[in-house]
Amino acid sequence: MAHTSETQSASIAPMPPGEEAQNLSPRNIYGNDISEVAKTLDVDIEKGLTKAEAANRLKTFGPNKLAEAEKDSPLVMFLRQFLNPLLIILLVGAVISGYTGHWVDAIAIFVIVIINAAISFVQEFKAEQSLAALSEMAAPIANVRREDDWHEVPALDIVPGDILRIKAGDILAADVRLIEANRLQMDEAALTGESEPVDKHDQPIEDDEEVVLAERLNMGFSSTLVTNGAGLGLVTATGMDTEVGHIAGLMATATQPKTPLQERIESLSKILIAAALLVVAIIIGIGIANGMDLGEMLNTAISLSVAAIPEGMPTIVTIVLTLGSQAMARQNALVRQLSSVETLGTTSVICSDKTGTLTQNQMQVMRLWAGGKAWKVTGEGFDPNGAFIDPDGNEADIEDEQDLRIMLSVSAYCNEARLIEVDGRPAIRGNPTEGALVVAAAKVGISRAELKEQRYDTLQSFPFDSTRKMMSVLVRLPNGDRVLAAKGAPDVIISRASEVLLHGEEVELTDERRAEIEDVIEGFGEDALRTLAIAYKRIDDDNVGGDAEDHEQDVVLVGIHGIMDPPRPEVPNAVAEAASAGVRTVMITGDHVVTAEAIAEQIGIKTSDEQTVHTGAELDTLTEGQLTETVKHAAVFARVTPEHKLRIVTAMQANGEVAAMTGDGVNDAPALRSADIGVAMGITGTSVAKDSAALVLLDDNFSTIVTAVREGRRIYDNLLKFIRQALTANVAEVSAILFAFLLMGADPLLTLTPLMILWINLISDGIPALSLGLEPAESDIMRRAPRSRQEDIFADGLGQRIIIRGLALGGLTYWLFKETLDAGGSLQYAQTIAFATLIFAQLWHIFDARSSTTLFRKHPFGNRMLLAAVGFSAFLSLLAIYTPPGNFVLSTEPLELRHLIEVIALASLPTLGLSMLKEAFRFRFL
């Protein structure tokens, strides 16, 4: 936590007296008596700051708010879309078309460019978020002591040295050192990762080592929630100098890496641009050698540029990703950044938080020891359905099990939590650990309300405090007897117990019996169960008015609860499925290492001794190089800080991993932003975490991530199918024109016009290719290893297949074009023949693009949308050939019926012939 020392001391340095203020490091804040901290801050705790001093400090430190990142205006965002190299080439083509008088071509190309840019702009605009969500977490008003009186002031005006009044329900407006703490609890999960509210006190913390944030129990932190109690706090830091401000700073400097898809598309764009320039250079060279007119060469260059660039690719990639994101949303995974849809498919490691993601985020009594007998407790979370099972597998009959009944009755009555219903589901109001006891009792029909109906009356309550580590309630039973019901830390209860309830009898708690009970507690601890002891004591009438210290001695120990936040039942299978897909799961949590390791072993994250477990303190001793090696074998990181999470993600990326990081708190935001794909919790996640993530889990369930990985792989497979179809068409178009220039001598003719090429790319090819995005997943999709980040988009023979099939389609197109001319057909009729040939050749080819094998291995009716798209595309293309508007815009000419039939039949030959060769000889490159 070295960063905290720097930020805190820096924040105090300008304050008079300067030399003393510079000594206000984190250790001096939590390690010194509050009077020393107040002296350093130059404030009288009893009176607070004067208004004049508060105003001076406000000028020195500035408003108590977080700096927000600058955002680009919508206009800048829109113009940025035109930096796409593919769109730049098309714009140049549109300008040249207008310059040479081809206005229809120029307008059509320009409209396509605008549509592509608009779609990309809309997606980015929707996803654009700022750090403002951090500011929204801050308390708008605070109760501050100034000039010996209490005032409500805007949180923006709070300064170091202010005295804050704190009560349950407040969101702290600044970092504070506690002056008073009365049963004070704070939920710091969003900041530290702790799964339960933290008990606070106001005493100095003495420790030779730096105390981690989660263990600074005499401090409160900005933006955390006060869940119980009341107190006073001395403000030690405001704005960007607070712990949450430090995280905001990390977020501002954290950069989002490019997704693998973005990297591959950029690489593909460079290849396409290079190919287009090369082909244009060849054509111009041939034209100059043959003495061609400059205007003709420019027109040809435009045609080739349009042919070489898949105009519809940015749009269709966006649409396919959008369809994929909609499919994920139906499976409770909400995609905020479209490019992340595919990133999931390349994920090689999932860094998962524990609480609420791998676990249910519902504390539950898992095991119980009562009256000398051990019980296993069934059920899920806060659901009051379940049973108590003994070692022989028999379910408890609560009427026969007196010791168990007494224990659960005391647990339910000595309790401030309540079992309620929220949106039709059981929930707990109050402390989650106390709630676990309420639910356990409810499983056998015992509740505080029912006991009160039976005339159990509360005479006096002794609330929990961090000094006694227990709470108790003095109860009058229906028969008039007085009994103290108590619960607390096992070591405390046992030290105060003189007897133990065994088989319905109160017997002396001998050293031997004490040792047996401590073995039970130790066994629960080894299974990462938090333990809570239950006891009672009969009170004489003469002693009813005593205090807690009088009553809470010589109690009768009843039993021990073993409590934990259990794993979600579906998580082990999800972890195993991810492992079979080559995706390892690593737990990264702010919780205790023993608990984290036990959960990791239960759900299959840690399955061998070779998989290591590390704490944040250990990470502080490692260099970046050592950490890069450590993460290769790590299964669990516990008690980590935001900096640790960032370092872990960076180390994994240095190893070439594609890392998904889950999180729900403010402390997770920097790592979510820096990970290849940040995954936030939709139910328990803070708005900051959601704004920093690319994916939001609507059910907070780890198994949804694995489902999303499967969907991401399917989407990438389908994108490759689309790219294969689109680029095969581009190679066919370019080669059809190139063949004319290479084989027709000094007076070559254009095989296809620019608008014909646009039509093919966007309508006859684009519409059916879009339906490839709906192809179902391959059967082996979750048995493959993750793709490497460095893997080329043309890997696995895709490049060869595109070139070979594209040349075959282009060759056939040129041949029929030339045959038509040789037979006396006009140029317009020959171009229409070439136009129809290429359209139907692509429609045949799309059935082969559905698979990396051949079309003979795919059920022809497996994608009904594809069949409909092919039919619709063919229909539109026939309209382009046989209607006057189509003839005018595209310069087509109606074909004779026999010629159309011949074209459709011949167009099937390249696909069917090459597929038969591949099927017969297993040529991978075909």
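The buried residues of helix 17 are Pro-432, Thr-433, Glu-434, Gly-435, Ala-436, Leu-437, Val-438, Val-439, Ala-440 and Ala-441. Buried means under 20% relative accessible area, exposed over 50%, and partly exposed in between (1.4 Å probe, protein chains only). Helix 17 spans residues 432-442 and is mostly covered, with 10 of its 11 residues buried. Its N-terminal end is capped by Asn-431, a side-chain oxygen of which lies 2.8 Å from the backbone nitrogen of Thr-433. Helices (H or I, at least four residues) and strands (E, at least two) are DSSP runs, numbered from the N terminus.

The model is predicted: local features need pLDDT of at least 70, side-chain atom pairs count only at pLDDT 80 or more, and totals for chains, interfaces and linings use all residues. Residues are numbered from 1 along each chain as its sequence is written, and side-chain values use heavy atoms, with hydrogens and water left out.

The chain contains 37 helices and 27 strands. It has 926 residues, of which 56% count as buried. Its accessible surface comes to about 37400 Å², and 55% of this belongs to carbon and sulfur atoms. Accessible areas come from the Shrake-Rupley method with a 1.4 Å probe; for residues, only the protein chains shown count as cover. Contacts are heavy atoms within 4.5 Å. Among contacts between residues at least 6 apart in sequence, 71% join residues at least 24 apart.

Strand 10 (residues 364-370) pairs with strand 11 (residues 373-377) in the antiparallel sense, over four bridges. Pairing requires at least two DSSP bridges between two strands. Ala-370 has Lys-373 of strand 11 as its bridge partner. The two strands form a hairpin with two residues between them, and Gly-371 in the turn has a positive phi of about 60 degrees. Strand 11 also runs antiparallel to strand 12 (residues 388-389), joined by two bridges. Here Val-377 stands opposite Phe-388.

Asn-332 has a phi of about 70 degrees. It sits in the loop between helix 14 (313-329) and strand 8 (333-335). Asn-332 counts as partly exposed because its relative accessibility is 32%. Ala-528 has a positive phi near 65 degrees. Its place is the loop between helix 20 (511-526) and strand 20 (530-539). Ala-528 counts as buried because its relative accessibility is 5%.

Val-111 belongs to helix 8 (residues 103-127). At 40% relative accessibility, Val-111 counts as partly exposed.

Definitions and conventions
A polar contact is a pair of N or O atoms within 3.5 Å; within protein, one must be able to donate a hydrogen and the other to accept it, and residues adjacent in sequence count only if both atoms are side-chain atoms.
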